[in-house]
Amino acid sequence: MKTYLLITILCGIATIGSANAQKKRQMLFENYSKGIVLMKNNSKTPAELNYDASNQKMMFKNGSEEMLLTNVAQIDTVYIGNSKFIPARSGYYEIIQIPNGLIGINWLLKILPRDIKMLSA
């Protein structure tokens with residue numbers, strides 16, 4: 001009985017751990033690009049940036065290592081090439097100018113299983 005209880009507890013812990021695991025990265029841009037992180041105190045930091053649209057996290061390169069951009073509460077705007085991103089409650093919005101004003105795009109990319117059939121027009 002104790003063995004069964006222990007197995008049940010371990011399976012529960014494994015399930016909770018896998019639920020919090022980070023999804024595979026799906027980068028919005030093909031490569032890291034030169035960009036600028038503008039902080040709320042008006043300081044600017046240049047960096048090689050990309051957006052992980054699967055986990056909705058801003059990434060930067062430190063040498064050859066990929067790192068997560070932290071201190072999001074202190075960030076005003078992130079510029080990657082010609083794209084502009086602002087922090088949101090979850091992730092970032094890409095800000096796009098349209099004739100009527102501005103829109104924010106909340107990118108969320110997912111890998112679809114191979115057996116899903118796509119709808120055709």
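Visitor: Which residues form one aromatic cluster?

Guide: The cluster is made of Phe29, Tyr51, Phe85 and Tyr92. Rings of Phe, Tyr and Trp (its six-membered ring) pair if their centres lie within 6.5 Å; planes under 30 degrees apart are stacked, over 60 edge-to-face, and the rest tilted. This is a predicted model, in which local features need pLDDT of at least 70 and side-chain atom pairs pLDDT 80 or more, while totals for chains, interfaces and linings use all residues. Residues are numbered from 1 along each chain as its sequence is written, and side-chain values use heavy atoms, leaving out hydrogens and water.

Visitor: How many aromatic pairs does a search of the whole structure find?

Guide: The search returns three aromatic pairs. In one of them, the ring centres of Phe29 and Phe85 are 6.3 Å apart and the planes stand at 90°, so this pair is edge-to-face. The pair links distant parts of the chain, 56 residues apart: Phe29 belongs to the loop between α1 (2–19) and β1 (33–39), and Phe85 to strand β6. Helices (H or I, at least four residues) and strands (E, at least two) are DSSP runs numbered from the N terminus.

Visitor: Is Phe85 buried or exposed?

Guide: Buried means under 20% relative accessible area, exposed over 50%, and partly exposed in between (1.4 Å probe, protein chains only). With a relative accessible area of 0%, Phe85 is buried, whereas Phe29, at 23%, is partly exposed.

Visitor: In which order do the eight strands form the open sheet?

Guide: Two strands pair if DSSP finds at least two bridges between them. Here the order is β4-β3-β2-β1-β5-β6-β7-β8, with antiparallel pairing. Strands β4 (65–68) and β8 (101–105) are the edges, each pairing on one side only. Between β6 (residues 83–87) and β7 (residues 92–98) there are four bridges in the antiparallel sense, and Ile86 stands opposite Tyr93 of β7.

Visitor: Which residue takes a positive phi in the hairpin of β1 and β2?

Guide: That residue is Asn42, with phi near 75°, in a hairpin that has four residues between its strands. Asn42 is not a glycine, and its relative accessible area of 61% makes it exposed.

Visitor: Where is Gln56 placed?

Guide: Gln56 lies in the loop between β2 and β3 (57–62). These two strands form a hairpin with four residues between them, and Gln56 in the turn has a positive phi of about 55°. Gln56 counts as buried, at 15% relative accessibility. Five bridges join β2 to β3 in an antiparallel arrangement, and Glu48 has Lys61 in β3 as its bridge partner.

Visitor: With which side chains does Glu94 make polar contacts?

Guide: A polar contact is a pair of N or O atoms within 3.5 Å; within protein, one must be able to donate a hydrogen and the other to accept it, and residues adjacent in sequence count only if both atoms are side-chain atoms. From its place in strand β7, Glu94 makes a side-chain contact of 3.2 Å with Ser83. Its side chain also contacts that of Trp107, at 2.7 Å.
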